[in-house]
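Biologist: I've got the file open and I'd like to go through it with you. Can we start where the chains meet?

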Amino acid sequence: MNVSFLPMLSILIGLPLVGALLIALVAHVKWAKMIALTTAVLELLVAVTLVFTFDTSHADFQFIEQYAWIPTFHATFFLGIDGISVLFLPMTALLVLVTIIASWHSVQSLTRLHYALLLVLESATIGVFSALDMLLFFLFWEATLPPLFFLIGLWGVGAKRSHAALKYTLFMLCGGVPLLFAIILLAVNHAHQMGELLTQGLSFSFPVLLNTPMPDHLQTVILCLLILGFAVKTPLVPFHTWLPTVAMESPTQLSALLTGLKLGAFGLLRFALPLAPNVAGHYAWLLALFGAVTLIYGALIALQQTNLRQLLAYLSISHVGFVTMGIASLTLQGLQGAIFQLLNFTLIASSLMLMAGFIQQRLGSTELVHLGGIAKVMPTCTVFFYLCSVASIGMPLTSGFPAELLLIIGTFKYQFGLGVVGLFGSILGVAALFMFIQKTFLGEARHLPIHQLVDLRFHEVWALCLSSLLILIFGLWPQYVFDITQGSLALWLNRFLNLPLTLSFIS
Amino acid sequence: MEHFIILIPLFPLIAASCIGVLHLFGVLDGEKSERTTARIANYAVGLSCLICFLLLGHDYFYQNTAVLTLGHWVRIHDLEIKLNVFAHGFSLKLATLFALLLCIVMRFSVNYLHREAGFHRFFFVLSLFAFAMFTLVLSANVVGTFVGWEIAGLCSYLLIGYLYHRHYATYNATRVFITNRLGDAAFIAGLVLCYLWLGNIDWLDIPVFLHQLSAQKLNLMALCFVIAAMVKSAQLPFTPWLARAIEGPTPSSAIFYGAIMIHSGVYLLFLIRPLLELTPLIAGFVAMMGLLTAGYAYFVGLTQTDIKTSLIFATSAQLGLLFLECGLGFWQLATWHLFAHISVRGYQLLMAPSLLQTISGTSIQKVPVFLAENQRFYTYATQRFWLESMMDWLLIKPILNLASDLHFVDKQIIDPLMGSPAPTIHAISSLAQAQEQTIGAHLDNTEDTFAQGSGLAGKLTQWTATLLHWFEYHFILQGVSENVFRYGRHLGHIANQTELALLKPRYLFTFIFITLLVAL
């Protein structure tokens, strides 16, 4: 474990908060926007620096920071990243930057508060990715809720926005309960195993808990609790119903953020399986089944959708089901594919949702009956939409291909039937997406408002260019990402599979 | 010298990205810049063609290395995806023929598409297609071939839907694309099986390890690739997509479905030749389907009345014969047939419009007598044996029905079950209600206001309360006499309905399918 001389992670978490505070201080909207943009750019730069200074030959946690926080519980302010989480930081920063650029002109009321909340959300999300203390993680996890509640409720585009905000918050609070239980159980178990008094032996530190011995029945309970908690956020069927509602009601830049950031799947990967190493192998099939059902279910329902944003929401549910299958496969290829696909979401799913938002903003609707023949009047938007669509179905040359290929290899390796389900689900997804594209973008423009549509503005093109460029680059040179994640994932796998995985690439 | 081979697919890719990016940002747009676009595309393919011929000559005199490895694309643990290409033999010859045809068609299109709105788009897609086909033919590993395979499919989609404001063009494009995805899925399954069972995905190394596998595994692997080949080369039962695909501009039809892309299925059979030779069962299957397709396309082709469709069914029939030859193991014959058919059919389709011009006025050849006399068979042939409707009924309809059922379940059952508070907009739907609320009266509210919950827990409590209340009211308060029987019968009826619904074929098949998957 190496300790860097600059507290990079704290800077990453603190920077957006400072930006939010500055926004509170200035009165002028234009200045507030500029501050938000500058903060987002700075954040991205810091995050990218972090990736470049990240040492890929070390599989363990890096950039460790540990400060005393709640001494009575032995909870510390403990941050650190490894190969699994490091790439999520720049991607989060990029996604927030893109949403800020995309919503540059679309937020008309309470603009300052909007950007401040967005930055607070960014800070909490970075915290989720980098927290190594379970209590701190939970704090960040729940801290994403208040900004989201207000963002959905105040700037939502749908008529039922406050309902959606409430629904989202209630879902997440319910999901948080099993998480908190699991965390407390873990800490108490640590005290028991150390043979100390409850108050003295408590530990919330993730690296410590990883090595704490635990009876199998307790591991089963913890695994179930954690899977349940993260499944709500991921979302896995049947806990998915919040996502379509939120996608319909919330402001579209926020839908893009929510479909792009898959905190739940990250939680499954980071915490749920490694904390129950003995039983994870036995119960992985449960998670895989969960994922398979989500994949097929999401894709089938997507076939029936009549609204672009809802379609994208269901497709994203379907894709995340595949990612879950990849995680549950417990193979290096499946895991690599899962992480790569999660990173992809921040580029692809969010861009698609942003474009749906651009159309919503121009037409006031993304309903099928109001669309048709958009390609003629919005050619640039159509090109970007196609690029992201083919990336989302795993077309070669785009970043979707290596991810999907590895996911399929992983699931086939785990179980033959599951792989077949994966392939079937991906065909269904293609059918849903492309049939919808045919009806909305192509064909004759039937409605008058379509003819008066304006193609993408300069800032909108910029926002999409950033993501599109990365989609192509990752598609051509995916090995760069794999090199970063490889070491940590091999270590991750070794924890509960006693497979002789060679770590030769490290030396 | 041999290393120049990487430039063959690279030039068209660079051309495609140049045209694509410049057209997107409006630099290349309209009639003025047509010349620039045409130049970029033509030079790129021309250079590729030149390199092909140079390498072919080099191969003839000095013998190139069979496989050239240029590096790695992905390396994860034991999964190695190399960047390697065939620089020798059959693949190089085929690539040269493709390059030559691409050159001709590209040049032809410059005039053909002059002043078309989609001029730049057309050349972008055609360049991308050239890249895809070179990758497909030259790649020496399964993943590389698959990359070309997929992108060629995408290009085909983009050109069928070339006139994107026309409903039929886009509908056909989407349909063809989704049908082709079936084959792609089979291909990717074959790829994964190669990696899992052989630990290797290089075409030339696959035969070395094949002997370790059981017959069952060999058959499954061969079947995956064969299905992929059958979809791409429009063999039965996937033939109908081909007739839908000729919606695009004539040069693209010629190059995609007359000359190049349609033959990639046959090329795949050549690649898995060692595998087919070990699996007589699958080879027999290939031969049989080829024969059936040839017969089918022959009879359907006889009754077609427009030139492009009859040519496309002729293509289908010839492809069937090629599959037959490959299945029977006449590889030498198939090679000659392949090269001859590519050249002739490409030329025929390219010339189809001018052919119409020349023969206009002359009467067309009549339907053969035996077909004209047998009216029933004639009807079958004109209806293309209802193959497409059959597939719709067998495959698409059940899936769509299942989807609509699930959609209903999602909206009506799961969403309310997961609990969500009553939407605020529903809370006060009229002024009267608002007034009621202000005075604190609930005049026409039938629900028990004491037990109104939200969220999962809240709803559950509310439902329990309501249920108990219902029981109490109907059974205990109103007496046990007649209501018990009435509601009992009602419940029985609901149970019957549920059982009937569950016995519907789509659910039955879903259950059987799930059981099979689990058993696997």
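Biologist: How many residues does the contact take from chain B and from chain A?

Modeller: Bear in mind that this is a predicted model, in which local features need pLDDT of at least 70, side-chain atom pairs count only at pLDDT 80 or more, and totals for chains, interfaces and linings use all residues. Residues are numbered from 1 along each chain as its sequence is written, while chains are lettered from A and ligands numbered from 1 in the order in which they are written. Two residues are in contact if their C-beta atoms, placed from the backbone, lie within 7 Å. On that basis, the contact takes 49 residues from chain B and 52 residues from chain A.

Biologist: Which element gives the largest share of the side of chain B that touches chain A?

Modeller: Helices (H or I, at least four residues) and strands (E, at least two) are DSSP runs, numbered from the N terminus. At least two residues each come from β1 (67-76), α5 (142-160), α6 (167-198), α18 (387-418), α19 (424-427), α21 (455-477) and α23 (505-519) of chain B. The largest share, 14 residues, comes from α6(B).

Biologist: And by class, what does that side of chain B have?

Modeller: The classes put Ala, Val, Leu, Ile, Met, Phe, Trp, Tyr, Cys and Pro under nonpolar, Asp, Glu, Lys and Arg under charged, and the others, Gly among them, under polar. For the side of chain B that touches chain A, the tally is 32 nonpolar, twelve polar and five charged residues.

Biologist: Over to chain A: are α14(A) and α20(A) roughly parallel or roughly antiparallel to each other?

Modeller: Two packed helices are described by the angle between their axes and the distance between the axes. Axes are lines fitted to C-alpha atoms, for helices over the stretch in contact, with angles from 0 to 180 degrees between N-to-C directions; those of α14 (residues 277-302) and α20 (residues 416-440) of chain A come within 8 Å and cross at roughly 25°. Angles under 35 degrees count as roughly parallel, over 145 as roughly antiparallel, 65 to 115 as roughly perpendicular and the rest as oblique. The two helices, α14(A) and α20(A), are therefore roughly parallel.

Biologist: By class, which residues has the contact of α14(A) with α20(A)?

Modeller: On the α14(A) side the residues include Ala288(A), Leu295(A) and Ile296(A), and on the α20(A) side they include Gly422(A), Gly425(A) and Leu428(A). By class, this contact of α14(A) with α20(A) has eleven nonpolar, three polar and no charged residues.

Biologist: Which peptide bond of chain A is cis with omega near 5°?

Modeller: Most residues other than glycine have a negative phi, and most peptide bonds are trans. A cis bond joins Thr234(A) and Pro235(A), with omega about -10°, and Pro235(A) sits in the loop between α10 (216-233) and α11 (242-249) of chain A. Pro238(A) also has its place in the loop between α10 and α11 of chain A. The cis bond with omega near 5° runs from Val237(A) to Pro238(A).

Biologist: Does His74(A) count as buried or exposed?

Modeller: His74(A) is in the loop between β1 and β2 of chain A, and its phi is near 60°, a positive value in a residue other than glycine. A residue is buried if 20 or more other C-beta atoms lie within 10 Å of its own, exposed if 12 or fewer, and partly exposed in between, with C-beta atoms placed from the backbone. Because His74(A) has 21 C-beta neighbours inside 10 Å, it counts as buried.

Biologist: What about Gln63(B), buried or exposed?

Modeller: Gln63(B) lies in the loop between α2 (34-62) and β1 of chain B. Its phi is positive, about 65°, although it is not a glycine. Since it has 10 C-beta neighbours inside 10 Å, Gln63(B) counts as exposed.

Biologist: How many residues of helix α10 of chain B are buried?

Modeller: Helix α10(B) spans residues 250-259 and is mostly covered. Its buried residues pack against α3 (90-112), α5, α9 (240-245), α14 (307-328) and α15 (331-359) of chain B. Among them are Ile255(B), Phe256(B) and Tyr257(B), and the count for the helix is ten of ten.

Biologist: Last one: what is the radius of gyration of chain A?

Modeller: Chain A has 23 helices and two strands. The radius is taken over C-alpha atoms, and the globule rule is 2.2 Å times the number of residues to the power 0.38. For 507 residues that rule gives 23 Å, close to the value for chain A, so the chain is as compact as a globular protein of that length, with a radius of gyration of 22 Å.
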